[in-house]
Amino acid sequence: MDLKRFGCQDEPFSQAPDLRYVYFDDLRRRVQEEIISSIGRTSGPIVLTGEAGVGKTTMLQGLVEEIENRTECYLLSSTPWFTCRQST
């Protein structure tokens, strides 16, 4: 795609979601806040489920970016483009 022709700086139709262009409505923000709260009070796993295409992977990407410096994060995902930053 000719990015200059359309005035784009980034690839507009990537298969992997780009959090710079994601809008979280009030419901998704509340879900994210509830997951973060659950992380603080739970010693077991937290499972996020839902229909295909509702934004589970995108929400988890945002959560990982927000909490990765404060807590240890392990992710089991069948989504190949979703990776956590590895600790050294």
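**Salt bridges in a predicted model**

By salt bridge I mean a side-chain nitrogen of Lys or Arg within 4 Å of a carboxyl oxygen of Asp or Glu.

Some housekeeping before we go on. This is a predicted model, where local features need pLDDT of at least 70 and side-chain atom pairs count only at pLDDT 80 or more, while totals for chains, interfaces and linings use all residues. Residues are numbered from 1 along each chain as its sequence is written, and side-chain values use heavy atoms, leaving out hydrogens and water.

Back to our pair. Arg28 is partly exposed at 30% relative accessibility, and Asp25 is partly exposed too, at 27%. For those labels, buried is under 20% relative accessible area, exposed is over 50%, and partly exposed is in between, using a 1.4 Å probe and protein chains only.

Next comes Asp26, whose side chain meets that of Arg29 in a salt bridge at 3.0 Å, N to O. Both residues lie in helix 1, residues 26-41, three residues apart, or about one turn of the helix. Helices here are DSSP runs of H or I with at least four residues, numbered from the N terminus. Arg29 is partly exposed, with a relative accessible area of 34%.

Finally, please find Arg41 and Glu34, whose side chains meet in a salt bridge at 2.9 Å, N to O. Is Arg41 buried or exposed? Arg41 counts as exposed, at 54% relative accessibility, whereas Glu34 is partly exposed at 42%.

Conventions
Helix = DSSP H or I, 4+ residues; strand = E, 2+ residues; numbered from the N terminus.
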